[in-house]
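Hello,

Here is the structure I said I would pass on. Please open it beside this message and follow along as you read.

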Amino acid sequence: MPSLAPLPSGPGPSGQVPTTSRGAAFRGLFSAAIAVLLAFAIAGILILVSGKNPFVAYWALLRGAFGSTDSVTFALNKSTPYILAGVGVAICFRARVINIGSEGQIAVGGVAASWIALNVPDLPSAVLVPLATIGGALAGAAWASIAALMRLKRGVHEVLGTLLSNFVGVLLVSEVLHGSMGEPGAGFPQSPLFPQGAWLQPLFEGSDLHAGILLAVLAVVACHLLLWHTPLGFRIRLLGSSDRAAAYAGVSVARTVLSVMLLAGALSGIAGAVEVLGVHFRLIQGFSQGFGFNAVAVALLAALNPVAVLPAGLFFGFLEAGALAMQREVGVQSSLVYVIQGLTMVFVLCALAINSKQQRV
Amino acid sequence: MDYNVLAELLAATVRVAAPLIFVALGAVLSESAGTFAVGVEGMMLMGAFSGAVLTFVTKSWAFGLLGSAMSGAALALIVAIATARFRTDHMVTGLSVNILALGLTSYLLRGLFGGKTPVINLPTLDAIQIPWLCNLPLIGRALFEQSLLTYAAFFLVIPMHLFLKKTQTGLMLRAVGENPAAAFSAGTDPIRVRAVAIIVCGAFAGLGGAVLSLQELGTFTDGMTNGRGFIALAAVIIGRWQPLFVMLGCLLFGAASALAFNLQGWSLPISSYVIQMTPYLLALAVLCGIGRRARMPAAIGRSFTRN
Amino acid sequence: MRCSESQDPADPSPMLQMQGICKRYGAVRANENINFSVTRGQIVGLLGENGSGKSTLMKILFGMVRPDGGTIRFKGQALSGHTPRDAIRAGIAMIHQHFMLVDAMTVAENVMLGWKKAGAWLHDRQVAEQIRSTSQEYGLDLDPDAMVGDLPFGKRQRLEIVKALLRGAELLVLDEPTSNLSPPEVTALLAVMRRIAGDSRSIIFITHKLAEVFRVCQEVTVLRDGKNAGRCSTEGTTRAELARMMVGREFGLATPRVEMGSGAEVLEVTTITLKDSSGLKLLDEITFSVREGEILALAGVDGNGQTELVEVLAGLQAASSGRIALHGRDLTKTDVTQRLRAGLAYIPVDRATTSLVPGMTIAENLGLRDFAEPPLRRGLRLNHPAFYSRAVSRISEFGIRADGPGATVDTLSGGNQQKIVVAREIGRKPRVLIAFQATWGLDPGATRFVIDQILALRNSGGAVLYLSSDLEELLGIGDRIGVIANGRLVGIVPREKANPAEIGLLMAGGGLLPAALEINEDLG
């Protein structure tokens, strides 16, 4: 398998911890910025083509993202699943396990959380919300383990395994909504509203900002610690650099691959739970649409560095929030965001590849 | 099962397989030369979009098809530059252009028509009856009463097979996917071969998209390919990168989809969503069944560097 | 004197004449004023140890490397500034040790690949016919429709030869062509070579194996340390003389050796056999033991089972049968980590992808093998201070020149990289050290350092198994010297009785043990 990206080694500047040179970190940031700018420039041309002024459009995007407390809240909530799923993907990619199954894992995580919320509604909120979230995590992990086992036992490349199981996972949401969990007579495939006790509480009184963002930050910190401060993290980094070195160091490939897939699946499952418990308060058909790709994009934009997933996820969340405003106010279609994301990814990949060549010399 | 239902099922199988065959043949080229063709989903979408829009605007099928091939190739050009020149990861690059295509087609659909989503309604291509043969029992309609592009898809399989097996260029292309160093020492530039293979793959996938929008549905909707590109990739693996077997793989998925489509009309106790899962579940099951026996081109996914 | 020390152009118009070839890589003189010539219709042996300059000379001939000085004339034409393509066009073919073949294609397809005469629309029938007739003519016995991946090594080699012949090569360079062949295959190949030469083509035969030189070559040129060590006709020389020319006369390093008494047996290896998936024996009933304070040095030409042996001992591959014990404790079924814990250290040959992770720091690389054990692990966490303090002490102890424990390994020189491996494996004071070509690619200073460290471990009572193809080094370091050939251990002698020429012969894999060699009792 090809190497994904140059893997910057080491977290902070503390003398005791393996460190990365500031130059490398700066270069990474610089390439990411260039990639984003280039993507915006090309998207700007597309805005021009449709007869709008790109500067006006981008100004609307900026205001839509940061203009008010409400818009910031909206964007933060949007970023939450990207960060949760993205940090899991980053860990997988570190071990050279190309998990692109977040979308399906989010979907089944949402289904599991919804099932718990709807079926044991009388539990106190302090029990029900964690229970539903854990249920989502377990479901996501179980879903991811299918692709992992298909790779380990049957040699099915995890890209195809996760990609195809995404479609199944998403259809599963539709299936349950048209069956046992659907709201009768709603006219749209959705579940009944969850009981209040299953709602993820807002962080502040009267705000829509839910506690999921805290979970996301927690996940980032936990993954950072895992990667740099635990034996499993060491194994993950070894496996990512060379199979032979990993074997020499006594690392079990199968166990490590399974671990990272379970971890990423659980995080995606939590993302799905947070989305249904904190944003929609019900299960909705297609609620995980596009999340899987965004998780991969966020992980790569962060150069597979857990801590950097936080700003990368926020960037994607704010970008999408802003794009909705841009569509509302200027009439530029929000699907332009996909163009910006896709282009950013291509440019980031090329920039990473160039950087890694420089490092090799 | 009713005889007529079976005949209809067979005809639908062939019809559904046609776009998959275009895409899968393209993927065979790209992957035989050593590049994972994950981007075919996006290339197909580009082709579906350009084919529908150009035919709608110019009222000419020829322009539509040309446009679909070119737009697929254009997206493939991005993949080619990124993977062959910059040596980026094939899988992730493919995914990126998929999302790019999703955004671009959705944006342009509205942007080009002044912010309003146009209603694209195209007469789908009529089936061409091969006189006499189309009256054959059972298989007559499946094989001899199809649209032009369906015939084209199946007829392409043989030249593709001959190209890969019987020409110096095809030999070289496979060598690049198997052992680029050997191909290099035999006097070719593996990077260029790979780039060209990816771009031609894009053109094929684009045509596959056009079959979908022009012939099957007669319209374009956002993200209408809906994973068909990935299904085609599974067919490529099932067919072990051999055009004739890949065609059979496409027919298998065609049959699954046709069956799923038909079952929905039968008011069975199974929900339609479970039925819709069948092609994906089938793909996963077949991949697991093949297991490690699927011998990929040896150098697939690995970038080539001199020395 | 029967052999000239440099060169004597008796042949007035040789097919190939290379004169005064010089090539330096940094401070290393890979080729220093080398003269070499080939007469049409002859098979010329090119002998020399690893690093003697043979491959550089051949790369220069084939246009893969530019020489710093000297001239090349081929068939009366000057060759300079040429590329491999020019060399092929001129009629030179190089058959590398690593074949340039596509496994998933047939023999005929491999021949047609990139060959203009095969046509844009492949004339596969005609080509198949040509392959049949050519392989019949030279006794090659190749089926054009066979899949290359299914062919044994020897047949693939024949395919490379057929490719060269069909493309009109007049001078074939065969790089160690017999090193992976069984004796009957060798005999067949040598017959093929004679036929090719009889067809007024010429062959340059690069080899370590003296016996084969005498079987086919008319002439032989020996290189040593990048210089001509001698050139003579095979009729006027003996194996012993060639062996001496190859390895030189000076042996033994001036490294302090403490005489150790006969210690207890630490590592006991009993009838270890390893078969590949086709049932071929890669290791054949290998039995030996290593004592405390002893270095057992195993000599062998690359690819005779050394890689397999060290990986089986280190726990990276499972043996098909046999037993491995350390201080009497059976380790056969244990994994890498358990063997490490039992006191078995291992220095592999490949730094870039196995023994070091270039993108990780020195501290992390020093903890590569026991990061999950205390003190490097504390509870669930990695103990970074322990990584750091270990790194600081190892860096000073082993004189690793680096910016500090946090520097990544890819920023270091090869010598300093190997010091990290040595510091990690020897620094833990192992009972047994397995070292495979531990000085490979190092400059003389670093080589000396590694050897000294291994000797110091021995002097403090450690048992060492040292494998290498560098005979001089082995004779300098080993208390007992053994030879591994074709996956078998063919003899072990104490250092006092080791005779370089005879060991060289054994390495060449005749399989016969000269009377002067004492056979280890274990071998029976």
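How many residues does the contact take from chain B and how many from chain C? Chain B gives 15 residues and chain C gives 15 residues, where two residues are in contact if their C-beta atoms, placed from the backbone, lie within 7 Å.

Before going on, a word on conventions. This is a predicted model, in which local features need pLDDT of at least 70 and side-chain atom pairs count only at pLDDT 80 or more, while totals for chains, interfaces and linings use all residues. Residues are numbered from 1 along each chain as its sequence is written, and chains are lettered from A and ligands numbered from 1 in the order in which they are written.

**Where chain B meets its neighbours**

On the side of chain B that touches chain C, the elements giving two or more residues are α7 (168-178) and α8 (180-185) of chain B. Helices (H or I, at least four residues) and strands (E, at least two) are DSSP runs, numbered from the N terminus. The largest share of this side, five residues, comes from α7(B). By class, this side has seven nonpolar, six polar and two charged residues. Here Ala, Val, Leu, Ile, Met, Phe, Trp, Tyr, Cys and Pro count as nonpolar, Asp, Glu, Lys and Arg as charged, and the others, Gly among them, as polar.

Chain B also touches chain A: 44 residues of chain B are in contact with 44 residues of chain A. On the chain B side, α3 (61-85), α4 (90-111), α10 (228-238) and α12 (272-290) each give two or more residues. The largest share, 16 residues, is that of α4(B). The residues on this side of chain B divide into 25 nonpolar, 14 polar and five charged.

**Chain A**

Chain A has 13 helices and zero strands. Its C-alpha trace spans about 65 × 50 × 40 Å along the principal axes. A compact globule of 361 residues would have a radius of gyration near 21 Å, and chain A agrees with this at 20 Å; the radius is taken over C-alpha atoms, and the globule rule is 2.2 Å times the number of residues to the power 0.38. Of the 361 residues of chain A, 61% count as buried. A residue is buried if 20 or more other C-beta atoms lie within 10 Å of its own, exposed if 12 or fewer, and partly exposed in between. Residues 24 or more positions apart account for 77% of the contacts in chain A with a separation of 6 or more.

One residue to look at is Phe281(A), which has a positive phi of about 60° although it is not a glycine. Phe281(A) sits in the loop between α10 (253-280) and α11 (291-301) of chain A, and counts as partly exposed because it has 19 C-beta neighbours inside 10 Å.

**Chain C**

The domain assignment, which is automatic or from a database, gives chain C domain 1 (16-247), domain 2 (264-343 + 431-524) and domain 3 (353-429). The C-alpha centres of domain 1 and domain 2 of chain C lie 32 Å apart.

Six strands of chain C form an open, mixed sheet in the order β6-β7-β8-β3-β9-β10; two strands pair if DSSP finds at least two bridges between them. At the edges stand β6 (92-95) and β10 (227-233) of chain C, each with a single partner strand, so one side of each has no neighbour in the sheet. Within this sheet, β7 (residues 171-175) and β8 (residues 202-207) of chain C pair in the parallel sense over five bridges. Asp175(C) has Ile206(C) as its bridge partner in β8(C).

Ser200(C) lies in the loop between α6 (183-198) and β8 of chain C. Ser200(C) has a positive phi of about 55° although it is not a glycine, and counts as exposed because 11 C-beta neighbours are inside 10 Å.

A second open sheet, of four strands, has the order β12-β11-β14-β15 in chain C, with antiparallel pairing. Two bridges join β14 (residues 321-326) to β15 of chain C, and Leu326(C) has Arg329(C) as its bridge partner in β15(C).

Finally, a cis peptide bond with omega about 5° joins Pro374(C) and Pro375(C). Most residues other than glycine have a negative phi, and most peptide bonds are trans.

Best wishes
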